[in-house]
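Please work through the following exercises with the sequence and the 3D view side by side, and try each task before you read its solution.

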Amino acid sequence: MAKAQAKMATILSIDGGGVRGLIPAQALGFLEAKLQELDGAEARIVDYFDLIAGTSTGGLVTAMISSPKPNKRPLFSAKEVTDFYLRSLPEIFPQPTLVYDLNRWNLFGGATCLFYGCKYSGQYLGQIFNEMIPNLRLSETITNVLLPTFDIKLQQPIIFSTFEAKENAFKNPFLKDVCIGTSAAPTFFPPHYFTTHDQSSGRSRSFHLIDGGIAANNPTLLAINQIKKMRLKENPGFKNTRPQDYGEILVLSLGTGQEDSQSINYNAKEAAQWGGLGWIQNKGRAPIIDVFMNASADMVDIYMANMFQSGFHKGNYLRIQEANLSGVGVSVDCSCKENLENLVNIGKKLLDKPVSRVDLETGKFEEVQNEGTNKDALTRFAKLLWEEKRKRSSL
């Protein structure tokens, strides 16, 4: 008797946001702990998701929890992601000797990158990947992953995925190259160039990549489209399911936080006077980057919530997002010890907050009635993942 076919396609999506990746890392740690309570100490996030999507810092987390060690188990548990970030972020985003002040233009970082080069070299980030996954191809991840990037030469998004990497040699680069590309935020890190080769034809393809957040800071919609493509291609695990049925998709979407809308200092009258430099560097911030990140993430969230609710499957979609960041916590690159520890605490406190969704009219996150806290929702989500895994393993 053949194994049972998958009933639900399971998706994990992680937003971009630099050092703020520490916020979703807390939700991942909690979810993995709940899965271990159900399935034993060796349970890992990657065992329960058909597809993990990540943009920028979310792409780094995706690679960490889906890349295999020699024993085919993940390089990192969810808990280890936080420890790794606390060690590595100060090297990825080296801070000047002066105290980081969000309201003051830092002469040693901001001024230089306005006229020449980038704020950070990206050398340490490349070193990390060379040490962790030096020769790992995208096609070799434990589960399917999806990593958005943007090609500045072609002026279009390039979406890398394990599924397509197995079918197209040009889309099967080293995973480290994709991770560096999806993290190459304009003004912060230099664009990343690499080539791929098709040995059967002898041809090559080049890529000129910047941060995937330009196209999809919240990659949830891309992940669902990828699942639909896998189903339409009659991927063996999903051949009996319907690609248009949101009742057969289970999605966990993790944000990296947004600034409290009541504390944002931008306004139309002031912005009208900025000019090009003002949009790139203003009071220690990069308004144009904020706009891209928030607009992309919120629009995807609204669309996803509406799609699942209209199909009477709102319980199949869980978005966890901190909407009240302020001060230095809003920064995507402040890696001082105090801020990193604060981000960890923000992520932990977020678990005790009620499940909320953004209201497109007001821009505020509103509590969803009768769904409890994010901890409650993640506990229910862990049970659904565990039950789906059991169904697949049953005869």
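**Exercise 1.** Leaving aside its neighbours within four places in sequence, with which residues is H197 in contact?

*Solution.* Begin by placing the residue in this predicted model: H197 belongs to strand β5, which covers residues 192-198. Once the neighbours within four places in sequence are set aside, the contacts of H197 are A169, F170, R203 and S204. Next, turn to the polar contacts, where the side chain of H197 meets the side chain of S204 at 2.6 Å, while another polar contact, of 3.5 Å, links the side chains of H197 and T195. Finally, look along the chain to P173, which is 24 residues apart from H197 and has its C-alpha atom 8.5 Å from that of H197.

**Exercise 2.** Explain why the aromatic pair of F84 and Y85 is classed as tilted.

*Solution.* The structure holds 10 aromatic pairs. In the pair of F84 and Y85, the ring centres are 6.3 Å apart and the planes stand at 45°, so the pair is tilted. Both F84 and Y85 are buried, and together with F76 they make up one aromatic cluster.

**Exercise 3.** Which parts of the chain does the pair of F160 and F194 tie together?

*Solution.* First, describe the pair itself: F160 and F194 are tilted, with 6.3 Å from centre to centre and 45° between the planes. Because F160 lies in strand β4 (residues 156-161) and F194 in strand β5, the pair ties together parts that are 34 residues apart in sequence. To complete the description, F160 and F194 are both buried.

Technical notes: Residues numbered from 1 in each chain as written. Predicted model: local features only at pLDDT ≥ 70, side-chain atom pairs only at ≥ 80, totals over all residues. Heavy atoms only, no water. Helix = DSSP H or I, 4+ residues; strand = E, 2+ residues; numbered from the N terminus. Contact = heavy atoms within 4.5 Å. Polar contact = N/O pair within 3.5 Å; in protein donor to acceptor, adjacent residues only side chain to side chain. Phe/Tyr/Trp six-rings, centres within 6.5 Å; stacked < 30°, edge-to-face > 60°. Buried < 20%, exposed > 50% of the residue type's maximum accessible area, 1.4 Å probe, protein only.
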